[in-house]
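Please read these notes with the model open beside you.

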Amino acid sequence: VIHRSHEFIQLDALERYGGDGLFIHPVIGEKKKGDFQSHIILKSYEIMIDNFYPKNKVVLAAFPSKSYYAGPREAIFTAICRKNHGCSHFIVGRDHTGVHDFYGAYDSHFIFDKFPDLGITPIKYNNILYSRKGGNYFNSKKEATSCDEEGTNISGTEIRKILECGKKPPNWMIRNEISEMIQKEFDANNCVFVK
């Protein structure tokens, strides 16, 4: 499910690289236990597109592949798939498609240096932090020197734990509209997480 770090990265990349649009392509295949169900992920993006993302600049399409949690190799694979869908750039986050601490946090960044001729430009983001003082988000390594605080990490795992306890995560972690949609799914006894 999209949280505020994802939102920051996607909108920052769109603006910073002058993109014609943003192609959102979440994996809807098999996932590991505890991950969000695919229909919840898609609903979260529909909320973002309908209410927060720039109009007529975002395309949402389901990616019918399973999650392999293969870190750097999966980042290369998905970059090639996105290129085949017409994308010119590919966002690579911290610990991209990793699982636990199996891969280094930036291994998926480094692998693109070994394959410069893929025909798609990687856009690399470090850990995105939230500034409680400024109420803004920043790319930890690149912008921390200009920030007067360390910032607060936004963790998808922490968001899931808060939601599982029946509580609402703060809006700076995940949009209220998405938290409310997930709570309604819980209230209706719908399956929110992979079992």
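1. Ring pairs join Phe8, Tyr130, Tyr137 and Trp172 into a cluster. Two rings of Phe, Tyr or Trp (for Trp, its six-membered ring) pair if their centres lie within 6.5 Å; planes under 30 degrees apart count as stacked, over 60 as edge-to-face and the rest as tilted. The model is predicted: local features need pLDDT of at least 70, side-chain atom pairs count only at pLDDT 80 or more, and totals for chains, interfaces and linings use all residues. Residues are numbered from 1 along each chain as its sequence is written, and side-chain values use heavy atoms, with hydrogens and water left out.

2. Across the whole structure, nine aromatic pairs are found. Tyr130 and Trp172 make a stacked pair, with 4.9 Å centre to centre and 10° between the planes. Tyr130 belongs to strand β5 and Trp172 to the loop between α6 (156–164) and α7 (176–187), so this pair ties together parts that are 42 residues apart in sequence. Helices (H or I, at least four residues) and strands (E, at least two) are DSSP runs, numbered from the N terminus. Are Tyr130 and Trp172 buried or exposed? Both are buried, where buried means under 20% relative accessible area, exposed over 50% and partly exposed in between (1.4 Å probe, protein chains only).

3. Strand β5 belongs to an open sheet of three strands in the order β6-β5-β7, with antiparallel pairing. The edge strands β6 and β7 each pair on one side only. Strands count as paired if DSSP finds at least two bridges between them. Four bridges hold β5 and β6 (residues 136–139) in antiparallel pairing, while two bridges join β5 to the antiparallel β7 (residues 152–153).

4. Some partners can be named. In β6, Ile128 has Asn139 as its bridge partner, Leu129 has Phe138, and Tyr130 stands opposite Tyr137. On the β7 side, the bridge partner of Leu129 is Asn153. β5 and β6 form a hairpin with four residues between them, and Gly135 in the turn has a positive phi of about 70°.

5. In a regular strand, side chains alternate between the two faces of the sheet. Which residues of β5 (128–131) lie on each side? Ile128 and Tyr130 are on one side, Leu129 and Ser131 on the other, and all are buried, leaving both faces of the strand covered.

6. The structure holds seven salt bridges, a salt bridge being a side-chain nitrogen of Lys or Arg within 4 Å of a carboxyl oxygen of Asp or Glu. One of them joins Glu7 and Arg175, whose closest N and O atoms are 2.5 Å apart. Glu7 lies in helix α1 (residues 4–16) and Arg175 in the loop between α6 and α7, so the bridge ties together parts that are 168 residues apart in sequence. Glu7 and Arg175 are both buried.

7. Within helix α1, Asp12 and Arg16 are four residues apart, about one turn of the helix, and their side chains meet in a salt bridge (3.2 Å, N to O). Asp12 counts as buried at 14% relative accessibility, whereas Arg16 is partly exposed, with a relative accessible area of 46%.

8. Another salt bridge links the side chains of Asp35 and Lys32 (3.2 Å, N to O). Asp35, at 11% relative accessibility, counts as buried, and Lys32, at 29%, as partly exposed. Elsewhere, salt bridges with shared partners join Arg4, Glu7 and Arg175 into one network.

9. Lys31 sits in the loop between β1 (22–24) and α2 (38–51). A polar atom of the Lys31 side chain lies 2.8 Å from the backbone oxygen of Val27, and one lies 3.3 Å from that of Gly29. Leaving aside neighbours within four places in sequence, Lys31 is in contact (heavy atoms within 4.5 Å) with residues including Phe36, Tyr69 and Val194.

10. Lys168, in the loop between α6 and α7, is partly exposed, with a relative accessible area of 46%. Its side chain makes a polar contact with that of Glu180 (3.0 Å). A polar contact is a pair of N or O atoms within 3.5 Å; within protein, one must be able to donate a hydrogen and the other to accept it, and residues adjacent in sequence count only if both atoms are side-chain atoms.
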